[in-house]
Amino acid sequence: MSAEAYSIRTEQLTKRFGHFTAVDHIDVSVAKGEVFGFLGANGAGKTTAIRMLCGLLQPTSGHGYVAGFDVLKESAKIRTRIGYMSQKFSLYPDLTVSENLKLYGRLYGLDGKDLRARMEEMAAFLGLKDLLPRLTSSLPWGWQQRLSLACANLHRPEILFLDEPTGSVDPVSRRNFWDLIHRLSGQGTTIFITSHYMDEVEYCHRLSIMIDGRIAAMGSPRDLKREHGSASIHELFLKLMEHQPLMEHGPRPEQKPV
Amino acid sequence: MMSRSRLLTIARKELRHIFRDWQTLVVVLVMPVMMMFLYGYALNADAKDIPCLIEDPSPSPETRAIASKIDASSLFSVEGSVFTADDPAELFRLYQVRVIFRFPPDFARDLHRPGGAHVQALIDGSDPNMGAIIRNAADPILLGATLDVVGMRQPHVLDVRTLILYNPEQRSALFFVPGLMAVILLMISALLTSVAIAREKELGTMGQLLVSPLRPLEIIVGKILPYLLLAAVDGFLVLAVGRLAFGVHIAGNPWFLAACSLVYIFTALSIGLLISTIAKRQQHAMFMALGATMMPTVILSGFIFPVLSMPLPLRILSHIIPATYFLEIVRGIILKGVGFAELWKPLAALAGEGLLLTAIAIRKFKVKL
Amino acid sequence: MNGFRTIVWKEFAQLKRDKTSLRLMIMIPMVQMLLLGYALTTEVKNTPVAVLNHDGGSRSRELIEAVAHNPLFNFKGSAASETDLRAGLDRGDIKIGLIIPADFSRVLERATRLDPGPGGTPSLGALNGEGASVQLWVDGQDANSANVARGYLGAILNQWAMGDLRHRLEGYGMRLDQVLPVSTGASVLFNPSLKSTWYMIPGIAVILVTMVTALLTGFSIVREKEAGTLEQLMVTPLKPIHVVVGKAVPFLIIGIAELMLALNFARFWFGVPFRGTYIALLAFTAAYMLSSLGIGILTSTLARTQQQALFIIWFFLLFFLLLSGFFLPVENMPHWVQNVTLGNPVRWFMHVLREMFLKGSGFTELWREGLAMLAIGFGVFGLSLVKFSRQVS
């Protein structure tokens with residue numbers, strides 16, 4: 001079986017914390033260049049799944065393949081080929097915009113002229129050119145998100161993992177953000193994006209819905225709506241939630257720090 | 001007034017925070033015990049077997065006998081002997097000896113001539129304590145050893161007899177326990193409390209509490225109560241370990257001790273409260289508490305270093321610190337067994353400071369809210 | 001690899017912006033050195049003393065004069081009775097009470113008298129067993145200070161007595177060395193005035209350097225853990241060792257700068273000499289910092305918040321400091337404790353620094369200590385690296 005056909009593929013990927021199963025034997029596949037929406041309510045296990053795929057967390061069982069490499073055994077090779085934008089802002093507020101870009105460019109192996117060229121490109125692409133000398137903490141939230149995306153994309157990764165990138169962002173900025181994402185996808189980057197906003201994910205090529213750690217549905221928005229007879233993904237989601245017993249696993253225990 | 005059930009809810013929540021932060025809890029409980037054991041067993045000041053060297057250009061039965069008498073004393077231990085010590089500094093650098101006893105050439109011959117002989121001690125002064133001890137001991141030991149060897153008695157013009165009061169066995173634990181109590185109670189009541197309150201402010205949860213039915217006074221008291229409890233537990237732990245492991249008995253009245261401790265704890269809690277109103281972030285509270293309370297207390301209260309030996313400005317500072325008075329009180333009760341009659345002055349000073357600080361702290365807190 | 005240099009660059013870029021911290025980093029050590037330099041004296045001065053004189057003779061009065069005029073003591077006057085003296089001690093008004101017995105002057109007279117002995121050779125009363133005595137009541141709460149104060153006072157009393165003896169002998173036209181076959185003397189090398197600051201200040205420098213390297217490094221890593229920026233770094237091809245060493249290097253440099261600052265401050269303000277060479281100083285300091293940085297890094301793996309990091313490092317450092325010979329010499333500790341301190345890097349560095357400052361020792365004399373520090377340093381740093389790597393993967 002060639003994992004190369006898919007950008008991302010999981011086989012019964014599972015993560016347990018003590019007695020609590022956060023990610024429950026999921027099978028997900030994402031094609032190259034796709035914009036894949038990874039949906040679910042808060043606490044459904046999305047962030048845990050993404051962190052396993054990025055090599056930040058070790059799976060309890062199952063397999064994951066990113067860019068053709070095994071997440072457990074070949075994580076070093078995966079790192080150079082992916083970019084990650086976490087839910088919480090995790091760049092340095094006390095560095096300037098250009099310093100943050102320079103930092104991540106260098107960490108991904110870019111240097112000298114190549115680095116400067118890419119920085120200019122990304123700054124232009126995301127509208128950050130005038131903000132380069134500004135201190136990152138002085139930027140409004142929406143622009144900080146753009147910076148995070150720029151830093152994640154400097155090294156032309158094959159896959160971008162974006163965890164709730166549009167959280168707390170106003171609708172106009174959200175729309176702009178999705179435009180950028182689709183342009184990147186058009187350039188060949190696979191985008192794996194989580195969200196709990198059911199309206200914006202209509203723009204994805206394919207999506208999956210995660211409920212209580214399990215994949216309840218996966219496919220293109222149009223196919224899924226037709227299958228379940230729903231007018232919108234939002235409606236579809238609510239329908240799926242009804243059929244699932246609530247609070248099966250009880251309240252989520254506080255995750256212990258690593 | 002205050003609702004008891006709301007108060008207890010806040011107190012319980014704070015208690016849960018404390019227990020979840022096991023790292024801090026361990027340090028707060030284990031550190032004083034560890035210090036006591038270290039101080040009690042490891043840090044004895046008795047100098048003994050001080051390594052020394054003999055310089056003896058003309059060895060003779062007399063010089064050898066003197067050397068072995070020096071070695072036989074508990075204070076010194078002769079590591080070896082050299083013919084000449086041309087470069088005594090290098091000898092001190094290379095070998096870990098602290099004093100070189102230097103015989104001149106033909107010492108034995110001079111001993112029996114009129115005019116007598118001379119013997120010197122060259123002391124390594126880098127450690128001034130040891131240097132002083134050796135300097136005080138060198139003359140008598142050399143004189144005594146030599147006179148012994150020639151069969152004369154030592155002239156005892158004056159005999160100084162000493163009676164050590166309050167701590168006859170010279171146990172350092174006895175001295176240390178009161179100081180430790182002062183530091184630990186301060187650490188819990190001022191440092192931890194101020195950081196806890198500052199943390200709620202920083203996280204924004206304080207705002208959440210304030211919009212609830214809770215009255216500001218209930219919030220303060222509820223938050224402080226568990227730390228009061230923790231301070232009492234830790235203070236008791238220190239006394240218990242002191243008693244069980246080091247035989248430190250409270251010579252005076254334990255209830256009086258408890259009462260004075262409460263006064264001190266309240267003073268420390270007010271300091272913590274005051275700091276929490278000034279600090280905007282946890283880290284600031286931490287550094288303020290450390291710099292303005294813990295450090296001065298450890299250094300200037302008489303805990304380890306004798307205050308009387310410090311220059312005047314520091315001695316004045318020492319009299320501003322509450323811990324100085326508390327230390328006097330605790331030492332008085334535990335070691336001397338005295339009571340209110342002898343200790344009313346420091347107690348009044350402590351209580352006065354406490355009231356003043358509490359008043360300032362509560363006013364600032366109300367204003368901030 | 002690029003990783004090290006990038007992280008070092010990042011750390012400096014951040015430090016450059018944090019002007020408050022930079023100011024604190026310079027000011028706090030200076031203030032501490034100032035405070036501690038004056039406060040940490042193991043000399044005992046201004047000890048309050050009172051006397052109870054049962055004797056009516058002139059000798060006891062002379063003795064009291066000698067004590068009262070001595071600058072080390074704070075003479076509080078005479079007590080009326082033993083109860084009075086005891087009360088003074090109980091209240092803490094005095095720390096030592098000197099009791100002179102009723103026959104003091106008379107006995108001293110006999111001790112310093114030259115009797116015609118058998119065969120015409122004169123013999124000193126004192127050498128025949130005559131001797132006066134006095135008693136000291138000492139407040140023994142602080143065993144250390146009590147011993148020192150008692151030692152001083154004893155020395156003063158004996159000095160007075162010997163002086164008195166010499167004076168009397170002069171009256172007979174004799175010198176002390178005609179009565180005694182030997183004279184003794186003592187001189188002090190390296191620190192002739194036995195100044196406490198000369199001994200304590202190098203020790204304080206050790207504490208400062210340790211605090212800066214351990215605390216700041218530990219804080220730095222924990223802060224990134226708290227903020228989530230550490231995780232973001234680990235998503236990149238960066239390896240844990242790059243992070244650890246990349247963070248350690250700037251603080252190593254800062255630590256050395258602090259040491260230099262402290263050294264010069266000590267020299268110009270306190271007059272503490274530095275007799276060693278700078279090369280040796282740098283070499284030994286770097287060896288030591290392997291341990292102090294390692295402790296900071298190790299702590300960052302145990303702490304979730306900065307407050308916890310502070311408490312944990314404090315705990316470690318206090319333990320190491322008490323057993324380092326800072327306050328009291330290691331040689332005076334029980335043997336099993338001394339063996340434990342063999343693994344204490346602070347002990348070795350404390351010793352090295354003091355020897356370098358005061359005796360001018362260098363590589364030839366201190367190579368063993370240097371080796372010990374290197375061994376411990378690699379061990380601690382290695383362990384911290386392993387723990388850190390395990391945590392982030």
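How do strand β4 of chain B and β7(C) pair, in the parallel or the antiparallel sense, and over how many bridges? Strand β4 (residues 117–124) of chain B pairs with β7(C) in the parallel sense, over 8 bridges. Strands are DSSP runs of E of at least two residues, helices are runs of H or I of at least four, and both are numbered from the N terminus. Two strands count as paired if DSSP finds at least two bridges between them.

The model is predicted: local features need pLDDT of at least 70, side-chain atom pairs count only at pLDDT 80 or more, and totals for chains, interfaces and linings use all residues. Residues are numbered from 1 along each chain as its sequence is written, while chains are lettered from A and ligands numbered from 1 in the order in which they are written.

Two bridges illustrate the pairing across the chains. Ala117(B) has Val182(C) as its bridge partner in β7(C). Ala121(B) is partnered by Ala186(C). The strands belong to an open sheet of 5 strands, ordered β2(B)-β1(B)-β3(B)-β4(B)-β7(C), with mixed pairing. Its edge strands are β2 (76–82) of chain B and β7 of chain C, each of which pairs on one side only. Neighbouring strands are turned by 25° against each other on average, direction ignored. Helix α3 (residues 61–72) of chain B packs on this sheet. This helix touches β1 (50–55), β2 and β3 (99–102) of chain B, and its direction makes about 145° with that of β2(B). Helix α6 (residues 128–150) of chain B lies across β1, β3 and β4 of chain B together with β7 of chain C. Its direction runs at about 160° to β7(C). Axes are lines fitted to C-alpha atoms, for helices over the stretch in contact; angles run from 0 to 180 degrees between N-to-C directions.

Chain B has two assigned domains, domain 1 (6–42 + 169–368) and domain 2 (50–150). The bounds come from an automatic or database domain assignment. The C-alpha centres of the two domains of chain B lie 51 Å apart.

The interface of chains B and C involves 92 residues of chain C and 86 residues of chain B (contact: C-beta atoms, placed from the backbone, within 7 Å). Elements of chain C that each supply at least two residues to its side include α2 (19–39), β7 (182–189), α8 (196–227) and α12 (306–322). The largest share, 14 residues, comes from α6(C). By class, the side of chain C has 50 nonpolar, 29 polar and 13 charged residues. Ala, Val, Leu, Ile, Met, Phe, Trp, Tyr, Cys and Pro count as nonpolar, Asp, Glu, Lys and Arg as charged, and the others, Gly among them, as polar.

Within chain C, helix α10 (residues 240–270) and helix α11 (residues 278–302) pack at about 130°, with axes 10 Å apart. That angle makes α10(C) oblique to α11(C). Angles under 35 degrees count as roughly parallel, over 145 as roughly antiparallel, 65 to 115 as roughly perpendicular and the rest as oblique. Residues of the contact include Phe251(C) and Gly255(C) of α10(C) and Met289(C) of α11(C). The contact divides into 10 nonpolar, 2 polar and no charged residues.

In chain A, helix α3 (residues 97–107) and helix α5 (residues 141–153) pack at about 25°, with axes 8 Å apart. The two helices, α3(A) and α5(A), are therefore roughly parallel. Val97(A), Asn100(A), Leu101(A) and Tyr104(A) in α3(A) meet Leu147(A), Ala150(A) and Cys151(A) in α5(A). This contact has 6 nonpolar, 1 polar and no charged residues.

Definitions and conventions
Contact = placed C-beta atoms within 7 Å.
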